[in-house]
Amino acid sequence: MVEVSDIVDRDLEQKPLVQAAYDVSSLQQPEYDDELLTLNFGPHHPATHGVLRLLSTLEGEVIRDVKPIIGYVHTGIEKTAEDKSYWKAIPVVERMDYLAYMFNAYAFCGATETLVGLEIPKRAQYLRVAHMELNRIKSHLVWLGTSALDLGAMSMFWYCFRDREEILDILEMSTGQRMHTRYIQVGGVAEDVPVGWADKVLAFAKSFPTRVDQYAALLSKNEIVLQRLRHTGTVDEQTLLGLGVTGPLLRATGNPWDLRKAAPYSSYDDFEFTIPVGTIGDNYDRYKVRLEEMKQSARIIEQAVEGMPEGPWITDDRKYALPPRHELATSMEALIHHFKLVTEGFRVPPGEVYFPVESPRGEMGCFVRSDGSAKPARVHMRDPSFVNLQALKPMIIDTYIADMIATLAMLDPVLGGIDR
Amino acid sequence: MEIVRAGDKGAQDLARTEFRSAQMKSRDMLRGDLEGAELEAYVESRVLTTTLDKAVAWARGNAIFPATFGLACCAIEMMSIVAARVDLARFGFEAFRASPRQADLLILSGRISIKMAPVVRRIYDQMLEPKYVIAMGACSSSMGVFNNYAIVPADKFMPVDVHVPGCPPRPEALTHGILKLRNLILENPDLGWRDRYDGHGTVEVAPEGTTASAHAENVPGTEGGASA
Amino acid sequence: MPDATGLELFAQEIGDTDDQAVLGTVFFRDRATLLVSPKAVPAALQFLKGKGYTFLASVHGVDYFPEEPRLGVLYELLDMKTVDRITVKTRVHTEAPIVPSVTHDWPTANHQEREVYDMFGVHFTDHPDLRRILMPEDYEGFPQRRDFPIGGEPIIFTHSEAGGPGWWK
């Protein structure tokens, strides 16, 4: 039976920093005259994707132990979101996983909509899907560019960012911003897409699979890529499931778990697409899975834009969505609703809800607790990178440092999501 | 109606007379009429306007090496300026150096948490003079979108030369900020950050076991070499 | 999601083995939550694992200030075969915030429990490495508790510049 006093005393002991907690005596000491070297891949490092600190213990070039230390971009987003009304918390929450911002916003809005009990119009759902899949492609392009850069293939970086600029143009056309667009709102999307947007998106979606094939032609059969990615960082499916890993990492082991197919939300079941899976779960499988996912996303975008129904882009319920500006001149009620929404915000009935979506890195869930007021009482994002990072250790233990760099690239961690 | 500026007349007159006398001197020089001490003074004044300082400033301003320092969302837009559409290589700045010892410019792209702030300062201290800092985005300049316990604005612990607003700033905005910094470098021969920001009397604090100064004390074999 | 009756059956079965384990059930917006006492958390999770909920999606904390008991820890479980979710909730007071750790059975809880400790101060016994994960190691206080001040810099406008801290000088 643990007494409170034991715990309190332990806290008052001046626990020195990581070094004491990091005890290497449990590791197997090497033979001969080698010794274990603890090397710090500091937070400022060109190959860690963001400010990730890896405290690695090396025997020669083989990694015997690794301890990821995070918190270098911790921004207190969850606490800031408690301070703002639901509408104003959307841009704050969007900045967590900064490559997949539509997914952050959608998870939060979805949780709020579940709490309120809102129905989302069909057009809004299709628009949300189109934007989220564009964001998925964009996130995978950044992953591909930076991973190839880590492996030494610099030209991929330019190609991927060229494509990314095209997508950013499309997003700027519909939302007005390149990144952190706050396009997904509670009840639907912020505004309808302008004329010409559909053509631009279709032109992109039709030309994109060819581009992906070109990238595959550059990298997939490349000798260096094969040697660095094949059979490195292999973990089996059961370990990953125990560690809570989802997303392309899990799909690379052969488990076709994808929330878009398993528990479809926002009209994903209207679209035809396949889930790519790998076979042995090594880095090369992860690479191929993401490459194929980009193609499937292009397919979804094409179907979403071509089949987009007419209708409102945000819910008609004026208690939660701003009325259109022209109504403010004629209707008193619309004016009152507008005033209330802009000053205090809408109130959400008390309750707790966990809303998961499938982000480019895995299951992103948003937990919102509401206490009946206009501000959320607790917002927590279950970020996939935070949980996936725990899988780094089984992937790289007893492999070389170079394999660690490749595995870290294929793991696709986004430190904004990890640290929140 | 003649508009006369009061109080300016004296300065204007002086400038006019100086300019006129310089014109006269150039005319005499071209005709070969300047002799002796006058000629020497004339040559000296011409040479001083293109001093070594200006040449060095020109070289420095056109070849800044930024340090790869991506923290958060702004880092993605920083990667975009190196990409093909907004090409930073046109100005000569595409060589991002990984080591702070080789870098001139620290672009603080992203939010600086309280855990990261000492690390950033240590990297800034490791850079060699002349060094410049651009605080990119709202989070590093002020607190940005998040005004809470976890982050700190860059001005609190390091001197920042250019602040680029935006969340995240467009690549064009960041390029504008970088070019502004380039103009700053071209115009002012560098005096070191302590002169620019009136930081005299400050000393860099190093963690225990290491030496604080960046002088030869760190070289093994010299006196006062670090044991850590 | 298990429907309301399914949830009650779970509650009953867990209550059969241990009387004081189940403190309540909540069925809200088609989502099932099981409220258990802190000591019974590992057993409840193991029981649900046997029922098919083999994936622990999330472990997170909530501060229910000013309701007591203040600190809550929620475990989101997922059944991948039938695509079902269930939440297990436990609540502790700030004076004795002790919850047994489930890291041994569910390795994914390692970092997540560290985050709950860091942000709320809940101690997980038998956790292999309970240290702060997001805040600096020597930070004092538990930031995401509701009575922890949000902090930040005072906003300086031109008219209030003189009264500000003036650290840019």
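**A tour of the chain contacts**

Select chains A and C: 36 residues of chain A are in contact with 32 residues of chain C. Two residues count as in contact if their C-beta atoms, placed from the backbone, lie within 7 Å.

This is a predicted model: local features need pLDDT of at least 70, side-chain atom pairs count only at pLDDT 80 or more, and totals for chains, interfaces and linings use all residues. Residues are numbered from 1 along each chain as its sequence is written, and chains are lettered from A and ligands numbered from 1 in the order in which they are written.

Stay on the side of chain A that touches chain C. Elements that each supply at least two residues there include α1 (4-12), α10 (237-243), β6 (351-359) and β7 (362-370) of chain A. Helices (H or I, at least four residues) and strands (E, at least two) are DSSP runs, numbered from the N terminus. Colour this side by class: 18 residues are nonpolar, 10 polar and eight charged. Ala, Val, Leu, Ile, Met, Phe, Trp, Tyr, Cys and Pro count as nonpolar, Asp, Glu, Lys and Arg as charged, and the others, Gly among them, as polar.

Next, show chain B against chain A. Here 30 residues of chain B meet 28 residues of chain A. On the chain B side, α4 (73-82) and α5 (117-126) each give at least two residues. The largest share, five residues, comes from α4(B).

Finish inside chain A. Across the boundary, 11 residues of domain 1 are in contact with 17 residues of domain 2.
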